[in-house]
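Biologist: Could you take me through this model, starting with the terms I shall need?

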Amino acid sequence: MQVQRWHTSWVVHAPAKLNLFFEVLGRREDGYHLIETLVVPVNLYDTLVFEEIAGSDIVLDVKWVWKGDWAELCGKHSVPADETNLVYRAARLIQQETRINRGVRIQLWKRIPTGAGLGGGSSDAAAALVALCQLWNVGVSPQTLHDWGARLGSDVPLFLHKGPSVCRGRGEIVEPVRPGPPLHAVVVKPPVSLATREVYGACRVPETPQAATPLLEAWQKGDWASFGKRVFNRLEEPAQRLAPGLARLKQSLARTGGLAVSLTGSGSCYFAVYSHRKQALAAARRIQSTRLGAAFVVHSVM
């Protein structure tokens, strides 16, 4: 995650992610689920601007880039600007761990939908950790940064790495992997949002879990036929039970002729993958005309 200096401010763009593969392997005694997932970051970004202020206060201002119906669909009123926001918690964690007594004003410009399985909040938290360590001249090891991220949330550590990763454990064990050819996708945020806890609670652990390796190898080889058959998300079935309207969205995306269609994370966003951007653009126009949700055209970033 690259942090740029702009006059007296630091700016960082926090990407969304897609889960090309998601399997639930079991459940731990603490209630967390054991998973294996293949994650790829995409070029749908939140933007965070950091500026040091006198004192030790953390001032967070959340604004949406999208206007009107799109802002409502993406969760305009669901992102807090207080101590419950992961960005705020990341700043406070650094203060507590380093005993630093410096303040910051943070502007968070939201583009990534919430309650969508795109990891926006986790990506924002990772961006805050990286940027504030630079702003406040905090020298920490990559492992310490990873541990701080894991304390904030299971998905935060993966955003501290560039490119695709296979994540295991509760998501905090991150293995960067070699990417395949560029992926183009349409991501659709329907009117409904889903709570991660509820989707996991409705999920049944399979007796014979699938593995991410066959999909990863197919992608690396550019074997699109095999790739399309192996994109998978174990959380899709419980998500559709909780929000039956998602099935219609999947059917509409499937009719656009992509390589694969799947839920990302615990939802509610669906995505369709294409081998060419022109196909993705045409599919987005078609989906947008159905009024099933806000459609974004994205590509993988490395």
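Modeller: Helices (H or I, at least four residues) and strands (E, at least two) are DSSP runs numbered from the N terminus. The model is predicted, so local features need pLDDT of at least 70 and side-chain atom pairs count only at pLDDT 80 or more, while totals for chains, interfaces and linings use all residues. Residues are numbered from 1 along each chain as its sequence is written, and side-chain values use heavy atoms, with hydrogens and water left out.

Biologist: How many helices and strands are there in the protein?

Modeller: The protein has 10 helices and 12 strands. Its C-alpha atoms fill a box of roughly 55 × 45 × 35 Å along the principal axes.

Biologist: And what percentage of the residues is buried?

Modeller: Of the 302 residues, 55% are buried. Buried means under 20% relative accessible area, exposed means over 50%, and partly exposed lies in between, using a 1.4 Å probe and protein chains only.

Biologist: What about contacts between residues at least 6 apart in sequence?

Modeller: Among those contacts, 75% join residues at least 24 apart. A contact means heavy atoms within 4.5 Å.

Biologist: How many cavities of 30 Å³ or more does the structure hold?

Modeller: The structure holds 1 cavity of that kind. On a 1 Å grid over the protein atoms alone, a cavity is a set of points where a 1.4 Å probe fits but cannot get out; a pocket is an open set with protein on both sides within 12 Å along at least five of seven lines; lining residues have an atom within 4 Å of a point. Points are joined across faces, edges and corners, and a volume is the space filled by probe spheres set on them.

Biologist: Which residues line the largest cavity?

Modeller: Its lining includes Leu18, Leu20, Val40, Val42 and Leu183, as well as Ala185, Val273, Val298, His299 and Ser300. Strand 2, strand 3 and strand 12 (294–299) each supply at least two lining residues. The space inside the largest cavity is about 40 Å³.

Biologist: Now the second largest pocket: which residues lie nearest its centre?

Modeller: Met1, Gln2, His13, Pro15 and Tyr45 lie nearest the centre, out of 14 lining residues. By class, 8 of the lining residues are nonpolar, 5 polar and 1 charged. Strand 2 (9–27) and strand 3 (33–53) each provide at least two residues of this lining. The second largest pocket contains about 330 Å³ of space.

Biologist: Let us turn to Asp46. Is Asp46 buried or exposed?

Modeller: Asp46 counts as buried because its relative accessible area is 0%. Asp46 is located in strand 3.

Biologist: Which backbone nitrogen does its side chain reach at 2.9 Å?

Modeller: That is the backbone nitrogen of Ile112. A polar atom of the Asp46 side chain also lies 2.7 Å from the backbone nitrogen of Arg111. Leaving aside residues up to four places away in sequence, Asp46 touches several others, among them Val12, His13, Leu108, Trp109, Gly120 and Asp124.

Biologist: Which residues are buried in helix 4?

Modeller: In helix 4, the buried residues include Leu145, His146, Trp148, Gly149, Ala150 and Leu152. The buried residues of this helix pack against helix 2 (86–98), helix 3 and strand 7 (173–176).

Biologist: Where is Asn137 placed?

Modeller: Asn137 sits in the loop between helix 3 (120–135) and helix 4 (142–152). Asn137 is not a glycine, yet its phi is positive, at about 55 degrees. Most residues other than glycine have a negative phi, and most peptide bonds are trans. Asn137 counts as exposed because its relative accessibility is 64%.

Biologist: What is the phi of Arg291?

Modeller: Arg291, also not a glycine, has a positive phi of about 60 degrees. Arg291 lies in the loop between helix 10 (277–290) and strand 12. With a relative accessible area of 69%, Arg291 is exposed.

Biologist: Which peptide bond is cis, with omega near 20 degrees?

Modeller: The bond from Gly267 to Ser268 is cis. Ser268 belongs to the loop between strand 10 (260–263) and strand 11 (270–274).

Notes
Ala, Val, Leu, Ile, Met, Phe, Trp, Tyr, Cys and Pro count as nonpolar, Asp, Glu, Lys and Arg as charged, and the others, Gly among them, as polar. A polar contact is a pair of N or O atoms within 3.5 Å; within protein, one must be able to donate a hydrogen and the other to accept it, and residues adjacent in sequence count only if both atoms are side-chain atoms.
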